[in-house]
Amino acid sequence: MFAILFSDSTNSRSLKVASFTSVDDMTIESCLNFCQSGGFNFAGVEFARECFCDNIVEPPAAPISSSGCNMTCTGNSAEICGGPDAINVFTQSKETLPGNWSSIGDSTSSRSLKVASFTSVDDMTIESCLDFCQSGGFNFAGVEFARQCFCDNVVEPPAVPISGSGCNMTCTGNPTEICGGPDAINVFTQSNGPLPAGWTSIGCFSDSTSSRSLKVASFTSVDNMTVESCLAFCTPSGFNFAGVEFARECFCDNVIESPGAPIPHIGCNMTCTGNPTEICGGPDAINVFSHSAASTPTPTISTTPAPASTTAAPVATPTIPLTAGTFEYKGCFQDVVLTNFRTLGTQVTVPGAFNVEGCTAACKAAGFPLAGLEFGQECWCDTYMEIVSPAPDSDCNKVCVGDATELCGTGNRLAVYQDTTATPPNTQTCLHNFQLPLIRVTLQWVPTTGGTASQITGLVITGNDSVVSLTTEKNTIALTDNLNGEAKSFITTSELHTDLENLNVLGSAVAPAIGGAQFLITDVVGAIVTNAFEGYCAQPNPVSQFGPFIGPAVLSVNGHADQWALCNNVTSTNTFGSRFVVFSPIATNPDYDISQCEDIFIQLQITLSK
């Protein structure tokens, strides 16, 4: 049943064929039962106690605002039974329609559908009209003036939806069906057929370029847009809603944004550019589809006015979403904004309103497993995050410019998300985009089984062009010297150094001595290098507490980051200290007991000024 509010008077009844009055027991249900038993198409309740029936809404009745129907039913104070000279009118929904046809409402006729037509003075039915139009391959069918049928592939302008009162004439071939009215046509459209698993159509919704109903992700296809291609675009990112509009546009979101609301299906009247048998919304109208995993309720239209409230609606407190599609929140991190490098290296543009869902979808579409939001309006992506400087979640406190319910990092702070469906990086592969020459790097050791990282004493990297270096000339990891006011580890022109990624440092880079203690130092780029060893690189951290795509990176030699060990000094005749770093320990070395060595990774912890 569909309810419409009409004017009425005792001199000119809107419904007048049959009626009854109940001073004490009138309800909407009792009126509908009374009219249905008589086979009437329309039923109405008025003045709290009156029920009327008819097969048409009689002229000059016209729709009015709901304020005119303000009297409770005598038999149920929770229901409204019209008012003085105002009637709540109900009409029965149409019979089950053939095939994929569905009603999309009523429209003015000028002609709204005009490609094909036929007239049947005695035998017009909705079914015969739909069969006629379907045989011609048309998307739209309409019945009018009790006897006329029209077909088209679009609803022609300037047709607009009107109230159901205009369609008030019974079909000549079936008096229980409504076949339009004078200058009013009941329009039907075929559904787009079976949809991909999990997706269902929820109708036509209002939309505008200034306030999108779906706005997180989108794409346009001038020649090849179909419902299926739009759903395929929205599905991988885990969106709850997808929509097609203006024949060529596709939008995705996890909610139907305000003020988007259901509208008559007649507003969605444009065929898809990639499939003329499908409907892809219309001007400022979007066909919306919902996925079965959607947790957001689909907006609905209520025919009962909401009670007035004297209390202001609660305002949602913005929060950091823990998930966004297939992405999972990994934490708030400090960003580098005063150098040539950033914590995440690629900035992307987010289509539509800026929020977490939009940024993660944009990074995923660009092929990145990491997404970071900063300053409420910036979106950054990368394949690996080497710069790891955690900050409290409370630091990422700026509201997203496109969604007042979400937080999107803040100045110098990134809210970082990882795609949980992305293939983890190969931990045996060098990070070619490793951004090591930054402000400060600390060498740390961490057990290969994971756990707390500890700094390798006395070793830091300073200066904007610093690199990690190894040497075979000094057998210690603890001693440092002060050179020109900076902390350095035994920097002299006579030492041999090896450097990460073959950058210029003092002396010549050499490979680590297998089984021997290593002297790890820091150095500043600038001196000459000849015949350098090129086997050092940074690799993804297999035991990072933040997951496979977030560092710190680990130091590798010839593709192996897992051959470092921390061994106890068992002699008193060397200057190693109590423990020292060994590359690929051997059982015959007298300075340590290999059974007491602990397998470690050497982390390249880039630290930043707060």
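Select helix α1, residues 28-37, where helices (H or I, at least four residues) and strands (E, at least two) are DSSP runs numbered from the N terminus. Within this helix I28, C31, L32 and C35 are buried, buried meaning under 20% relative accessible area, exposed over 50% and partly exposed in between (1.4 Å probe, protein chains only). Looking down the axis of α1, you will find its buried residues within an arc of 95°, so they line one face of the helix; the arc is that of the directions from the helix axis to the C-beta atoms. N33 and S37, on the other side of α1, are exposed. Just after α1, G39 has a positive phi of about 75°.

This is a predicted model, in which local features need pLDDT of at least 70 and side-chain atom pairs count only at pLDDT 80 or more, while totals for chains, interfaces and linings use all residues. Residues are numbered from 1 along each chain as its sequence is written, and side-chain values use heavy atoms, with hydrogens and water left out.

Next, show the side chains of R13 and E46, which meet in a salt bridge (3.3 Å, N to O), the term standing for a side-chain nitrogen of Lys or Arg within 4 Å of a carboxyl oxygen of Asp or Glu. R13 lies in the loop between β1 (2-7) and β2, and E46 in strand β3, so the pair ties together parts that are 33 residues apart in sequence. Both R13 and E46 are buried.

Move on to E245 and R212, whose side chains form another salt bridge (3.4 Å, N to O). At 2% relative accessibility E245 counts as buried, and R212 counts as buried at 17%.

Then select D395 and R413, joined by a salt bridge with the closest N and O atoms 3.1 Å apart. D395 is partly exposed, with a relative accessible area of 24%, whereas R413 is buried, at 14%.

From R413, follow strand β31 (residues 413-419) to Q418, which counts as buried at 8% relative accessibility. Leaving aside neighbours within four places in sequence, Q418 is in contact (heavy atoms within 4.5 Å) with residues including T326, P369 and F546.

Finish at strand β40, residues 553-557, where five of its five residues are buried. Strand β39 (residues 536-539) runs antiparallel to β40 and is joined to it by four bridges, strands being paired if DSSP finds at least two bridges between them.
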